[in-house]
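Dear colleague,

Please find the structure below, handed over for your use. My notes on selected features follow it.

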Amino acid sequence: MNSLLNSVTESFVDITQNGISLSIFGIITIVCIALAIAIFVPTVRAFLIKIKLLEEEETPVSLLKWIVGLILIVKCIQALIVQPFVVDGGSMLPTFHTDEFLLVDKFTYHVKAPERGDVIIFKLFTEDTRTAYEGRYLIKRVIGLPGERVVVKNGQTTIYNQAHPEGIKLDESFVTEKDVIKETDTTLTSDEYFVMGDNRLVSSDSRFWGSLPKKNIPTISSC
């Protein structure tokens, strides 16, 4: 129960990072305030009836209860099943573009682990307070899985694991802008992932702020 409440609470907090949700929430908040005032001020109720927000026989309390109940249902769905996001930035070009609307499945990773190539949306938490994206949602692609060694050199990504102890070079045909300067050699623990943006030249990812803990991956893009 506490987990559900935490998820719902977090989904309300995350409204500030989602322009569409913020706009909708702002409109609903104004309507709820107007209805609350209309309970005690007849002239406000008359105005709401005039603009067709209330029916003649309808009370502000009844509509207010209906709106609050609907908000709680929607927030529960967003917290546990699906949530809208809007892409901000060019780190995933050409796969995803700025202002592109995505519906994100928040249920999948409760029943399966992320796979290489998955595009995920997650909130970034690092120990580096200099990271500009600390506490914000990012969209990246899963490159390295738990327990693997990931080597990025000259724009080429090589994965070392039990199946490929000598290393296997990834076919990253989705990358059109390679970064031949930034290099890294990272060995992941049993609960860490290595993620990168498709637009390697501008992406702030695991090459810069390190590996991504599994606990920070609640969502996967459904598009």
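Asparagine 154 is exposed, with a relative accessible area of 52%; exposed means over 50% relative accessible area, buried under 20%, and partly exposed in between, with a 1.4 Å probe and protein chains only. Asparagine 154 has a positive phi of about 55° although it is not a glycine, and its place is in the loop between β5 and β6. Strands here are DSSP runs of E with at least two residues, and helices are runs of H or I with at least four, both numbered from the N terminus.

This is a predicted model, in which local features need pLDDT of at least 70 and side-chain atom pairs count only at pLDDT 80 or more, while totals for chains, interfaces and linings use all residues. Residues are numbered from 1 along each chain as its sequence is written, and side-chain values use heavy atoms, with hydrogens and water left out.

Lysine 52 also has a positive phi, near 70°, and is a residue other than glycine. Lysine 52 lies in the loop between α3 (42-50) and α4 (60-80) and is exposed, with a relative accessible area of 68%. Most residues other than glycine have a negative phi, and most peptide bonds are trans. A cis peptide bond, with omega about 0°, joins leucine 93 and proline 94. Proline 94 is in the loop between β1 and β2.

Strands β1 (residues 82-86) and β2 pair in the antiparallel sense over five bridges; two strands pair if DSSP finds at least two bridges between them. Glutamine 83 has valine 104 of β2 as its bridge partner. On β2 (residues 101-105), Leu102 and Val104 form the covered face, whereas Phe101, Leu103 and Asp105 form the uncovered one.

An open sheet of four strands runs in the order β7-β6-β5-β8, with antiparallel pairing. Strands β7 (168-169) and β8 (184-187) stand at the edges, each with a single partner strand, so one side of each has no neighbour in the sheet. Within this sheet, β5 (residues 149-153) and β6 (residues 156-160) pair over five bridges, and valine 152 has threonine 157 of β6 as its bridge partner.

With kind regards
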